[in-house]
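Have a look at the model, then read on.

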Amino acid sequence: MERSFRSENYTGWSCSFVAASKALSKLFITGLEISFQYSPVFRDGYGYQEDYPPQEEDAASDVTEGHDEDDQMYEGEYQGIPHPDEVKAAQRAARAAARAKAGTEEEESLAEEYEAIMEDCGHGRFQWTLFTVTGLALMADGAECFVVGFVLPSAEKDMCLSNANKGMLGLIVYLGMMVGAFVWGGLADKLGRRKCLTMALAINCVFAFLSSFAQGYGFFLFFRLFSGIGIGGSVPIVYSYFSEFLSMDKRGEHLSWLCMFWMMGGIYASFTAWGIIPHYGWGFSMGTEFQFHSWRLFVLVCALPAIFSLIGLSFMPESPRFLLENAKHDEGWMILKQVHDINWRAKGEPERVFTVSQIKAPKQDNEFIEIQSSTGTAFQRWAVRSATLTKQVLKNILSLMSPDLRLSTLLMAIIWFTMAFSYYGLSVWFPDMIKHLQHEEYESKIKVFHRERVHHFTFNFSLENQIHKEGEYIIYMCFVGLQLNYSVKFEDSLFEDCYFEDIRSTDTFFENCTIKSTVFYNTDLWEEKFIHCRLENTTFLHSKKGCHLDFREDNDVLIYLVSFLGSLAVLPGNIISALFMDKIGRIKMIGGSMLISAGCTFFLFLSFSQAAIIAWQCLFCGTSVAAWNGIEVITVELYPAAKRTTAFGVLNALCKLAAILGSSIFASFVGITKVVPILLSFSALVCGGLIAFKLPETREKVLL
């Protein structure tokens, strides 16, 4: 078989050098030994037989015009380099010697072989396409973390939420994501990365859509829980899925670039909330039972990244590493060839041949499942498969504490927990502190009116931030079309022969008041608003149920701006970590970033204004992101393929548990003291940063 040779890449090579390279090729033909069950011939016409001579990655190309099959050399070119890569050959030899000394050569043979194949496939169009698709899934996860926080000020107006209900709604998403990470991480090691990621994103999209239309608090809570369960699987699967298409020298950098999509999710959520939620009129209603306001539209818009990722996944293949680990040699080989061909065609070298014909893969014992495929009813087969799958997932989880993984798992658990506890705790504390400072400033401007005497007067304007004590409002007093904005309170006052119509109120209360011969028509003033009051001959007509409150757009915009700046501040840290992840190593990146972040927390003692808190928030987010990137990269690299998403899922679930604890604890000290949150975050970050230096460095290890 003859193929054209691109002579322009080899100009200047002497005939003697070509002859020498042919001679050397025969010395290198002892490389990849591959145990395929068949000898496929594909539509491009190239045959791959079982007796095809195995060849090494680093052999020079001999695909010249007029060559015979015996003289063909394996094209071990990486990224278009047309000569043997001696550095990689030395690295492989060193790793092989280390395995032989440790007695683990058979265990890691697939890992080394797969690494060589990925180097041959190159890094190009396929990886960048997958980068975008998986990045959108990660972006959806980032947006999900902000959705409830942004919609709470508006949702409480439609659903009349108490403080307890608001707190539960804020935590329910993290609870769902914790369950989702645990479940989907375990399933992805047994069912496949792409399959589980598709199902998880589909669940997120469906329940996010339903939550935007849910009118009651209970249904909204339920739908957000399952939306979180869906999106919770994205992080552990995305990193494992993408990493298995990367060679060792590309892995750290490109996984770090992938982390930027989480930041983009925060920016996307902040920007869209800023542009949509304040426009309360953007929506429609169907009577009094169904309301669709702007915050519900925002919930739908935040589901778009998950939808686009879901569409993109329909064109992506399963991870070939997962297929090979599960003895699906044919499918794995086909996908690897597809990756190879897509990349080299995009680089203008369509003649480059995928020379791998056989791949060693561990044998899998799935007889217990397969034997049920032709016996019993459909339900019985489903029950057996489900029970077996559950046992396999639990067994995989327990294996994380096996002697060879126990230390790594414990160290990673501490690092994940301490980092998440500090990061998510401070992420809640920063905006809550800003709100607290706003509230203090607001209360400092409160107006107090003593012993007002008003009669025959109509109030048709808004009242705000006022306290009326021991007043008398009698004889044809009218309160019409009135807005009682934020902190309007009547104490020890008398209302007699008054008329209230079309009233909307926010934090308005009547305490120890006497109300006689008064009519409340079409108002939201009802029982909860009257504290220890005496009502005589008082009528309530067409009372509005729920909380029909007004908006304070200025404060909303500030909260959106704070979240936007916090997400944007991550950009420099992301770029630095991506550029230096492979140069300084994962361990120094994690430990150094956590210790620097711990130092930044001490500056919070100097924060006495909103601007100062925003500045320190940006600094903290910018310095801590490098630790997050390093943690996610090393989690992928520490665990073997058969346990990778399981381990990532368990650790990510622990991360969400820490987020729940951190946000709850830190929020409880807002307005009381800032010493405890600062000391807690500092201690956690120092502890995690020092423990990180105990981890093994993985930047020069193949993906197990």
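Which residues form a nonpolar patch on the surface?

1. The patch consists of Leu304, Ile307, Phe308, Ile311 and Phe315, which together have about 490 Å² of accessible area. Areas come from the Shrake-Rupley method with a 1.4 Å probe.

2. This is a predicted model, where local features need pLDDT of at least 70, side-chain atom pairs count only at pLDDT 80 or more, and totals for chains, interfaces and linings use all residues. Residues are numbered from 1 along each chain as its sequence is written, and side-chain values use heavy atoms, leaving out hydrogens and water.

3. Leucine 304 is partly exposed, at 31% relative accessible area (buried is under 20%, exposed over 50%, partly exposed in between).

4. Threonine 698, in the segment after helix H22 (675-692), is buried, with a relative accessible area of 0%. Its side chain makes a polar contact of 2.4 Å with that of glutamate 637 (N or O atoms within 3.5 Å, one able to donate a hydrogen and the other to accept it). Threonine 698 also touches residues including Arg251, Arg586 and Ile634 (heavy atoms within 4.5 Å).

5. Strand E9 (residues 494-501) runs parallel to strand E12 (residues 514-516), joined by three bridges (pairing takes at least two DSSP bridges). Phenylalanine 495 stands opposite isoleucine 515 there.

Conventions: Patches are made of residues with over 30% relative accessible area and no salt bridge: like charges are joined within 9 Å, nonpolar side chains (Val, Leu, Ile, Met, Phe, Trp, Tyr) within 5 Å. A salt bridge is a side-chain nitrogen of Lys or Arg within 4 Å of a carboxyl oxygen of Asp or Glu. Buried means under 20% relative accessible area, exposed over 50%, partly exposed in between (1.4 Å probe, protein chains only). Helices (H or I, at least four residues) and strands (E, at least two) are DSSP runs, numbered from the N terminus. Lists of a residue's contacts leave out its neighbours within four places in sequence.
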